[in-house]
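Biologist: I'm new to this one. Can you put the model up and walk me through it?

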Amino acid sequence: MAPQREWFEKDYYEVLGVLRSASEKDIARAYRKLAKQYHPDANAGDKDAEERFKEISAAHDVLGDAEKRKEYDEVREMVASGVGPGGFGGRGPGGYQNIRFEDVGDMGGFGDILGNLFGARGGARQRARGPAGPQRGHDLETELYLDFLDAVHGVTTSVSITSEAPCSVCGGSGAKPGTLPDVCSTCGGSGAVAVDQGPFSFSQVCPTCGGRGTVVKDKCKHCKGRGVEIRPRTVKVRVPAGVDDGQRIRVKGRGTPGLNGGPPGDLYVVVHVAPHTIFGRSGKSDLTVKVPITFPEAALGTQVKVPTLDSPVTVKVPPGTQSGKTVRVRGRGIQRGSGDPGALLVTFDVVVPSELDDDARKTVAELAEKLPGNPREYLGV
């Protein structure tokens, strides 16, 4: 991942309002809060909110990726030590204090920055990798609310988002419909030009085409030649069976468009699963259910029918079952992928009637006299 010029200029931790020591969860939590606050859907027509949303997304795209974050932290350490867009300091006349990042542009990798500046020996010229080139689009994140059974069985649905997307008029080329961009005459389509500076020779972004390698003469009026527009769009999402509440589903290539022919970012969908009136979940693949039984059923034992995700099953209640006892029914849980389904965990709940008629009260009293032992004897009171 090549460090972008913005890395030297912007403190992404400050953008998200987190400390540099923030965990991945802290960063994700801060991003979701700010993205919801400044999302274009909630701030229609507010250009400031739109720009803030882009800045927040750019910060999360870097800090939310472990490898990018590591490179970004290294770049920020350079900034703190006096290296950055203003150039390198100290080294005497004829050294490299006049080499500036305005001239160099985006390097081909953090390791190349030092290599390009200090790697030449004996005055030999060294050419860095071209700074221009495709840039990946930003990742986006949205939320999806699912019914419990849809989450268990899996479903194909769609989410609506408002974000940058390829221009609907020019298809992302930036050129007026019916025309095509021309190859840049300055760089010959490479997007970079060579610049001599003392003992070094660098590649910098072509000033004519801005690194694209092409020049649009007749610009698309709809997007003004940018090739992208902010608009609502619908994205189809395939939710796998057994998805968890809070799980993030990646939809490849449905983030914002890339620059200079780069690939688009990805869309991450955070799933929220509604609770079910009967079933619950334990772990990733076990299904839970509570089944009421009467005192006689618990004392004498019986068999009861229990609901599952498809057809009911018959479960044995052992004699002397206590309230809260759980039995396991294999293969009746949640199917995840190609593995075996989980289990159905059946928890028995002994129900005590709240009202009794005279005959029932008399019968219970007679039973109480015949029951052996004192269940509170161990308390010593």
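Biologist: What stands opposite Thr302 in β13?
Modeller: Val317 does. Strands here are DSSP runs of E with at least two residues, helices are runs of H or I with at least four, and both are numbered from the N terminus. This is a predicted model, where local features need pLDDT of at least 70, side-chain atom pairs count only at pLDDT 80 or more, and totals for chains, interfaces and linings use all residues. Residues are numbered from 1 along each chain as its sequence is written, and side-chain values use heavy atoms, with hydrogens and water left out.

Biologist: How many bridges join β12 to β13?
Modeller: 5 bridges join β12 (residues 302-306) to β13 (residues 313-317), and the two run antiparallel. Strands pair if DSSP finds at least two bridges between them. The link from β12 to β13 is a hairpin through 6 residues.

Biologist: OK, confidence. What's the mean pLDDT of the chain?
Modeller: The mean is 81, with 82% of the residues at 70 or more. pLDDT is the predictor's confidence in each residue, from 0 to 100.

Biologist: And where does pLDDT stay under 50?
Modeller: Over residues 83-132. The model has 104 contacts (heavy atoms within 4.5 Å) beyond four places in sequence for that stretch.

Biologist: Switching to helices. At what angle do α3 and α4 pack?
Modeller: About 165° between α3 (residues 24-38) and α4 (residues 47-63), with their axes 9 Å apart. Axes are lines fitted to C-alpha atoms, for helices over the stretch in contact, and angles run from 0 to 180 degrees between N-to-C directions.

Biologist: Which residues make the contact?
Modeller: Among them are Ile27, Tyr31 and Leu34 of α3, and Phe53, Ile56 and Leu63 of α4.

Biologist: Now sheets. What order do the strands take in the one with β10?
Modeller: β10-β11-β15-β14, an open sheet of 4 strands with mixed pairing. β10 (279-282) and β14 (326-329) are the edges with a single partner strand each, so one side of each has no neighbour in the sheet.

Biologist: How does β10 join β11?
Modeller: Through 4 bridges, with β10 and β11 (residues 286-294) running antiparallel. Arg281 has Leu287 as its bridge partner in β11.

Biologist: And what about the sheet with β1?
Modeller: That open sheet has 3 strands in the order β1-β9-β8, and its pairing is mixed too. β8 and β9 (residues 267-273) pair in the antiparallel sense over 4 bridges, and Arg248 stands opposite Val270 in β9.
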